[in-house]
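Visitor: I have a new structure open and would like to learn how to read it. Could you walk me through a few features?

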Amino acid sequence: DDDLKVMVMECLLEVPISNLQAEEVQNIVNIIANCDNLSVGRTEQILGHTFNILRRLVVDDGDQGMHFRRFHADTIHMALDVLVRNSGRDTRGQRAETEEKFALS
């Protein structure tokens, strides 16, 4: 259920990076890795929250950030792929989709 996923991601945004466990980080990475269809449900919103968490991990100076950069560097390429696919979507005539596309990019 997308509503539940959005709520979970919003909660994770409030969690200090140092409190994220390896399994949680892997689940966040999997959201990016398994993103096939950007326009289904609240996918853009879920991805936006995911990108914010990943950004926090990338710039973190602590152990979590170092671990993420060392073992999940490929996630950056996956995230860029998602953004490229998002920017290439034709949303003309679909105001809501255009707004979601813009918000993600």
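This is a predicted model: local features need pLDDT of at least 70, side-chain atom pairs count only at pLDDT 80 or more; totals for chains, interfaces and linings use all residues.

Visitor: Let's start with helices. How do I describe two that pack together?

Guide: Two packed helices are described by the angle between their axes and the distance between the axes.

Visitor: Which angle do H3 and helix H6 make where they cross?

Guide: H3 and H6, which covers residues 95-104, cross at roughly 10 degrees, and their axes come within 9 Å. Angles under 35 degrees count as roughly parallel, so H3 is roughly parallel to H6. Here H3 uses Glu44, Leu47, Gly48 and Phe51, while H6 uses Glu97, Glu100 and Leu104. By class, this contact of H3 with H6 divides into three nonpolar, one polar and three charged residues.

Visitor: Now the empty spaces. How does one find them?

Guide: Rolling a probe the size of a water molecule over the atoms shows where empty space is left. In this structure there is one cavity of 30 Å³ or more. The largest cavity has a volume of about 40 Å³.

Visitor: Which residues line the largest cavity?

Guide: Look for Ala22, Val25, Gln64, His67, Phe68 and His72. Helix H2 (22-33) and H4 are the elements that give two or more residues to this lining. H4 gives the most, with three residues. The lining has three nonpolar, three polar and no charged residues.

Visitor: What about pockets? What volume does the largest pocket have?

Guide: About 290 Å³. It is lined by 15 residues, and the closest to its centre are Asp2, Lys5, Ile31, Thr43 and Ile46. H1, H2 and H3 are the elements that give two or more residues to that lining. H1 provides the largest share, five residues. Sorted by class, the lining of the largest pocket has eight nonpolar, four polar and three charged residues.

Visitor: Let's zoom in on single residues. Is Leu12 buried or exposed?

Guide: Leu12, found in helix H1, has a relative accessible area of 15%. Buried means under 20%, so Leu12 counts as buried.

Visitor: What does Leu12 touch, leaving out residues up to four places away in sequence?

Guide: Leu20, Ile28, Ile53 and Arg56. Sequence and space can be set side by side here too: Leu12 and His49 are 37 residues apart in sequence, with 8.8 Å between them in space, C-alpha to C-alpha.

Visitor: How does that work for Asp3 and Gly41, as distances in sequence and in space?

Guide: Asp3 and Gly41 are 38 residues apart in sequence and 9.1 Å apart in space, C-alpha to C-alpha. Asp3 lies in helix H1, residues 2-14. Asp3 counts as partly exposed because its relative accessibility is 38%.

Visitor: And how far is Asn27 from Gly41, going by C-alpha atoms?

Guide: Their C-alpha atoms are separated by 19 Å, and along the chain the two are 14 residues apart. Asn27 lies in helix H2. With a relative accessible area of 44%, Asn27 is partly exposed.

Notes
Residues are numbered from 1 along each chain as its sequence is written. Side-chain values use heavy atoms; hydrogens and water are left out. On a 1 Å grid over the protein atoms alone, a cavity is a set of points where a 1.4 Å probe fits but cannot get out, and a pocket is an open set with protein on both sides within 12 Å along at least five of seven lines; lining residues have an atom within 4 Å of a point. Grid points are joined across faces, edges and corners, and a volume is the space filled by probe spheres set on the points. Helices (H or I, at least four residues) and strands (E, at least two) are DSSP runs, numbered from the N terminus. Ala, Val, Leu, Ile, Met, Phe, Trp, Tyr, Cys and Pro count as nonpolar, Asp, Glu, Lys and Arg as charged, and the others, Gly among them, as polar. Buried means under 20% relative accessible area, exposed over 50%, partly exposed in between (1.4 Å probe, protein chains only). Axes are lines fitted to C-alpha atoms, for helices over the stretch in contact, and angles run from 0 to 180 degrees between N-to-C directions. Angles under 35 degrees count as roughly parallel, over 145 as roughly antiparallel, 65 to 115 as roughly perpendicular and the rest as oblique. Contact means heavy atoms within 4.5 Å.
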